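Subject: Structure handover

Hi,

Here is the structure I promised to pass on. Please load it first; my notes follow below.

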Amino acid sequence: MQIMAIEASGPVAGVALVRDHSLLAEYECSNHMTHSESLVPMMEEVRERLSLDLTTLDALAITRGPGSFTGLRIGAATIKGVGLALNKPVIGLSTLESLAFNLYGTDALVCPLMDARRGQVYAGIYREKDEPEEVLAPCAVPVEEILTKLNDLGERVIFLGDGVPVSKEKIESLVKVPYSFAPAHMNRQRAASTAVLAEHLLETKGESVLVSADDFRPEYLRKSQAEKQREEAEAKGEMEALAAGRMAKDPHFHA
Amino acid sequence: MSENVTILGIESSCDETAAAVVVNGRQVLSNEISSQIDIHTLYGGVVPEIASRKHVERVNQVIRTALKDAGKTLDDIDAIAVTQGPGLVGPLLVGVSAAKGIAFAKDIPLVGVHHIEGHISANFIAAPDLVPPFMCLVVSGGHTHLVIVKDYGVYEILGRTHDDAAGECFDKVARAVGLGYPGGPKIDRAAKTGNPDAIVFPQGKVAGSEYDFSFSGLKSAVLNYINTQRMQGHEINVPDLAASFEKSVVGVLVGHSMRAVDTYHADTFALAGGVASNSALRAAAKEACDARGIRFCCPPPILCTDNAAMIACAGYYEYCHGTRSGLDLNAQPNLPLRSMH
């Protein structure tokens with residue numbers, strides 16, 4: 001079985017290739033270029049280095065979200081294009097599930113935190129012993145809520161992700177269970193984790209984990225600001241004001 | 001010029017997800033457009049984040065439909081042309097990323113296309129015998145450019161707007177009088193029964209630059225008029241206001257264009273962009289061209305709106321010229337129009 005995974009949900013652009021439980025390529029880069037500039041050239045490099053025939057892939061894998069809206073879309077649109085061209089299905093993993101899998105094998109709980117800005121983190125809680133298990137589903141919440149939940153669970157925990165630096169003070173003051181932080185080589189999104197976990201899921205759960213490239217879409221976990229405004233307007237019976245543009249920001253090309 | 005080059009065009013710069021297959025730049029085999037206008041109408045304008053999300057949901061189906069309607073597969077495609085900019089960055093990135101994914105997976109050459117170059121090129125599809133040079137006015141929701149098309153991909157920009165684009169002005173005025181979004185077609189319809197001489201609005205000229213435009217003064221004048229009328233308790237005659245506003249916009253657009261036509265002795269004048277669908281603008285431009293005995297070109301509305309056939313057409317001429325984009329092609333929301341070679 002052969003799976004190519006890509007990563008664009010956060011600070012890291014990444015590509016990995018797994019073939020029959022062997023990781024043949026792993027290429028990660030956090031630079032100041034956008035994923036749009038980095039990602040496909042990295043895929044091209046992996047193909048060249050491995051002399052890979054893309055038609056022999058069984059599936060494509062990606063972190064479907066949460067993450068940076070723009071990053072998720074760059075990854076999604078890229079994988080949709082590749083999937084359309086090769087007629088290959090997609091396995092979309094939760095970004096948090098993939099992050100937690102970085103630490104597979106630990107006895108501790110794993111708590112990936114991603115910086116969601118506006119005083120929130122994207123977070124989940126996982127058990128990575130034996131079969132990976134979701135203890136708390138991905139959510140966008142103030143970090144205090146997650147820390148309270150971890151205190152309630154009462155087990156040792158390892159934190160990782162780009163939400164750690166912004167949450168560090170709160171972790172240090174609020175967490176009552178033993179905790180530690182993942183080392184640098186394990187604490188960011190890794191396409192290799194996505195590739196290996198995708199292979200595992202495809203083997204154990206079968207085709208139910210596959211989605212067609214046409215139907216694949218990111219999971220943002222958050223509505224857009226405009227959709228929230230619309231819901232408020234609907235609740236207050238102010239849809240006319242919304243449509244008159246008094247609530248939405250002016251749209252045209254001054255992006 | 002290469003024979004039988006088949007180009008897949010992809011366009012996603014604003015709120016239309018579009019794909020098309022075009023042979024040799026001018027023979028349109030398919031032109032699929034998935035509009036999001038119903039969603040954005042709820043908000044009174046295009047919401048970039050929502051537009052971006054919708055593009056991701058629809059991009060594959062739109063490309064598939066374009067290929068199927070053309071009776072082609074990706075194996076028949078010689079190059080992919082994709083709108084690189086200008087436009088909204090989120091929407092642009094979806095088309096660019098999907099195009100690169102396909103180009104990478106199938107080893108198909110990739111050509112990044114300027115959106116305005118696409119609009120100009122719509123004229124090559126609409127008028128199969130049209131060849132440069134000609135004078136072209138590009139007017140849309142995001143752009144107002146008066147351009148000499150010297151050759152394929154070679155432009156001299158004579159004038160542009162200093163502030164709002166013409167189409168933007170239509171949207172704002174339509175919104176202010178409660179016609180809603182999108183403003184262009186709604187003003188056009190309302191103006192048909194109005195008196196264009198009912199209200200005198202200023203024409204958007206720029207001191208010292210005879211081909212540049214400015215629409216913010218006109219926009220303010222219209223908004224002031226509306227406020228004053230409302231404060232005095234007068235009903236606003238929407239058709240009269242629409243017709244008078246349109247007269248002012250069309251007057252300056254056609255006036256500048258014909259001054260350029262006369263100065264540069266152009267024998268052909270073309271309209272392009274979404275606002276080129278405006279019936280008053282088309283009529284006035286045609287009349288002015290007829291009076292001069294020069295050729296007038298204007299694409300049908302389906303090629304004036306954002307579409308991918310025009311992108312494939314522009315991409316074809318770039319492709320023939322040897323232009324190739326790398327897999328690091330990025331969306332460029334403020335990409336300036338300049339000659340590609």
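In this predicted model, chain B holds an open sheet of five strands. Their order is S3-S2-S1-S4-S5, and the pairing is mixed. S3 (27-35) and S5 (110-114) of chain B are the edge strands. Each has a single partner strand, so one side of each lacks a neighbour in the sheet. From one strand to the next, the twist averages 20 degrees.

Within that sheet, look at S1 (residues 6-11) and S4 (residues 79-85) of chain B. They pair in the parallel sense, over four bridges. One residue pair to pick out is B:Ile10, whose bridge partner in S4(B) is B:Val82.

Two helices of chain B meet this sheet. Helix H2 (residues 48-70) of chain B packs on it and touches S1, S2 (16-23) and S3 of chain B. The direction of H2(B) makes about 25 degrees with that of S2(B). Helix H11 (residues 309-320) of chain B lies across S1, S2, S3, S4 and S5 of chain B. H11(B) runs at about 130 degrees to S1(B).

Now chain A. It has an open sheet of five strands, ordered S3-S2-S1-S4-S5, with mixed pairing. The edges are S3 (22-29) and S5 (90-94) of chain A. Each of these has a single partner strand, so one of its sides has no neighbour in the sheet. Neighbouring strands are turned by 20 degrees against each other on average, direction ignored.

S4 (residues 59-65) of chain A runs parallel to S5(A), and five bridges join them. In S5(A), A:Val90 is the bridge partner of A:Leu60. Helix H2 (residues 69-86) of chain A packs on the sheet, touching S1 (2-7), S4 and S5 of chain A. Its direction makes about 160 degrees with that of S4(A).

Next, the contact between the chains. Chain B puts in 48 residues and chain A 41 residues. On the chain B side, H2, H3 (89-106) and H5 (166-176) each supply at least two residues. Which helix gives the most to that side? H3(B) does, with 14 residues. By class, the side of chain B that touches chain A has 25 nonpolar, 15 polar and eight charged residues.

H3(B) also meets H2(A). The two axes come within 7 Å and cross at roughly 35 degrees. The crossing of H2(A) and H3(B) is right-handed. Residues in this contact include A:Ile74, A:Ala77, A:Gly81 and A:Leu84 from H2(A). From H3(B) they include B:Leu93, B:Ser97, B:Gly101 and B:Phe104. The residues of this helix contact divide into 14 nonpolar, six polar and four charged.

Last, the domains of chain B. Domain 1 covers 6-122 + 303-320, and domain 2 covers 133-298. Their C-alpha centres lie 27 Å apart. The contact takes 15 residues from domain 1 of chain B and 20 residues from domain 2 of chain B. On the domain 1 side, H1 (37-41), H4 (115-126) and H11 of chain B give two or more residues each. H4(B) has the largest share of that side, four residues. The domain 1 side divides into seven nonpolar, seven polar and one charged.

Best wishes

Methods:
Residues numbered from 1 in each chain as written. Chains lettered and ligands numbered in written order. Predicted model: local features only at pLDDT ≥ 70, side-chain atom pairs only at ≥ 80, totals over all residues. Pairing = 2+ DSSP bridges. Axes fitted to C-alpha atoms, helices over the stretch in contact; angles between N-to-C directions. Contact = placed C-beta atoms within 7 Å. Nonpolar A, V, L, I, M, F, W, Y, C, P; charged D, E, K, R; others polar. Left-handed = near helix turned anticlockwise from the far one by under 90°. Domains from an automatic or database assignment.
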